[in-house]
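The exercises below ask you to read a structure step by step, and each one is followed by a worked solution. Please keep the sequence and the coordinates at hand while working through them.

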Amino acid sequence: MSGEPPEMPEMTADDALAMDYALGALDRPSRRNVETRLRSDPAFRALVEAWQASLAPLDEATAPVAPPADLWERIAAETAPPAPVRAAAPAPSPGGFWQSLAVWRGLALAGSIAAVVAIAGVAPRGPVAPAAAPPQLLVASLAASDGTPLLSATYDPLRGSVALAPATAADHRGRSPELWVIVDGQPPKSLGLIDIDGANAHAIPAERLQGLKPGATLAISIEPQGGSPTGLPTGPVVATGKLVAI
Amino acid sequence: MTAGAAPASTLAALLARAAAGDQAAFRDFYDRTSAKLFGIILRILVERGEAEDVLQEVYVTIWRKAAEFDPARASPITWGATIARNRAIDRLRARAVRPTSPVEAAYDLADDSPSAEAVLVAAGEAARVNAVLATLEPAHAAAIRACYFEGLTYEALSQRDNVPVGTLKSWVRRGLVKLRQQLEAAA
């Protein structure tokens, strides 16, 4: 520690970055870079977690504020298993899911603009007993208009969340990708801002999941920071496709 | 009631049950932690409706990631608070501009904090952290608080307080290195 400049204590660059991230002082692109690294670099993650633990006692100074009473209901609606939709969907034949998966992958690689949704019932046990209905995964591949696969999405009904995984790197710094669903020619409804720069899961409000069904169109537009100011897509549409049940 | 009323072991057990799909346990976890997390989010986002949306996202995330919680790496409340802070900061960064308060307000906020903290002086770690912060130059401690509690970037704080970014970084870094040294010495 000798010979360090008085203005800046000696730290490794990684430790300084971990500190800045834990403190919350980084800008958006830097945060994204850190979060990408956290997924693959356990040593760096340990540095970040050490700083988070050091700073956590500061939170004791923050007065608790009771959230509104109805907020739990909103959370419960998103975390409870939704009513089964399997009855409305054609039961997949045995092995159909994997065939379908191969199909949509193939379509994506072939440059199709279609977003294909595979409805996978895991070993259907019969048409009744909805309480014991197996979870259905919805898988979609979204491609750009030039056919470049952009990202895949997996909807887990038990969690009420959609996991997004980018197929290609994209640079949308300073802009906000927003996911839309268009049903029967109605105006697009926002499914919220999404992160297409790294694999992540995106919680979609439960009431909007009803639009995620065969025949609907999914689209991603690039909006100003914070999302579309009008409630409708205003920026370039970078990916689109029709949902098709297989 | 503070988070101190909910032992880490209790919260960890509730998270484990939530990971197994037990929504009643998850409700219990929410009841014990949501006021603390909402307080953290509100300091960063200020606007109440937006903070409520983020709190909702945070608990959906906690439910989804409950199985990933590792008590060896963080306490349950620190884990949840980290998710809350990160979600709130992400939302803040997604906004074009944040309503900024003048530098005087920042110092007022810093001055307010010790009294709020005094209520919780029984919490040993918090007391130690604040004791260390109290030994720093007031401007240095204020910079740390502005970043941590308000989610400001160095750049935003630089513009708000008219202090060069490099100077702010050195203030914060020196303060936090000192903080960690003191905490390690006390451990």
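In which loop of chain B does Val46(B) lie?

**Solution.** Before the first step, note that the structure is a predicted model. Val46(B) is placed in the loop of chain B that runs between α2 and α3. For the backbone, the next step is to read phi, which is positive at about 65 degrees even though Val46(B) is not a glycine.

**Exercise 1.** Repeat the analysis for Asn162(B), giving its location, its phi and its exposure class.

**Solution.** Asn162(B) is found in the loop of chain B between α8 (154-161) and α9. Its phi is near 55 degrees, which is a positive value in a residue other than glycine. With a relative accessibility of 70%, Asn162(B) counts as exposed.

**Exercise 2.** Describe the packing of helix α4 of chain A with helix α2 of chain B, from the axes to the residue classes.

**Solution.** Two packed helices are described by the angle between their axes and by the distance between those axes. Here the axes of α4(A), residues 71-79, and α2(B), residues 23-45, come within 12 Å and cross at roughly 145 degrees. The crossing in which α4(A) passes α2(B) is right-handed. On the side of α4(A), the contact is made by Leu71(A), Trp72(A), Ile75(A), Ala76(A) and Thr79(A), while α2(B) contributes Gln23(B), Phe26(B), Arg27(B) and Tyr30(B). Sorted by class, the contact of α4(A) with α2(B) has six nonpolar, two polar and one charged residues.

**Exercise 3.** How are α7(B) and α9(B) oriented to one another, and which residues make the contact?

**Solution.** The axes of α7(B), residues 138-150, and α9(B), residues 165-186, come within 9 Å and cross at roughly 90 degrees. Since angles of 65 to 115 degrees count as roughly perpendicular, α7(B) is therefore roughly perpendicular to α9(B). The contact is made by Ala139(B), His140(B), Ala143(B) and Ile144(B) of α7(B), and by Leu168(B), Trp171(B), Val172(B), Arg174(B), Gly175(B) and Leu176(B) of α9(B). By class, the contact of α7(B) with α9(B) has seven nonpolar, two polar and one charged residues.

**Exercise 4.** Summarise chain A as a whole, and then examine Leu193(A).

**Solution.** Chain A holds five helices and nine strands, and along the sequence these follow the pattern α-α-α-α-α-β-β-β-β-β-β-β-β-β. Of its 246 residues, 44% count as buried. Among contacts in chain A with a separation of 6 or more, residues 24 or more positions apart account for 56%. Turning to one strand, Leu193(A) lies in β6 (residues 189-193) of chain A, and with a relative accessible area of 29% Leu193(A) is partly exposed. Leu193(A) and Ser228(A) are 35 residues apart in sequence, and their C-alpha atoms are 9.1 Å apart in space.

Notes:
Residues numbered from 1 in each chain as written. Chains lettered and ligands numbered in written order. Predicted model: local features only at pLDDT ≥ 70, side-chain atom pairs only at ≥ 80, totals over all residues. Heavy atoms only, no water. Axes fitted to C-alpha atoms, helices over the stretch in contact; angles between N-to-C directions. Helix = DSSP H or I, 4+ residues; strand = E, 2+ residues; numbered from the N terminus. Left-handed = near helix turned anticlockwise from the far one by under 90°. Contact = heavy atoms within 4.5 Å. Nonpolar A, V, L, I, M, F, W, Y, C, P; charged D, E, K, R; others polar. Parallel < 35°, antiparallel > 145°, perpendicular 65-115°, else oblique. Buried < 20%, exposed > 50% of the residue type's maximum accessible area, 1.4 Å probe, protein only.
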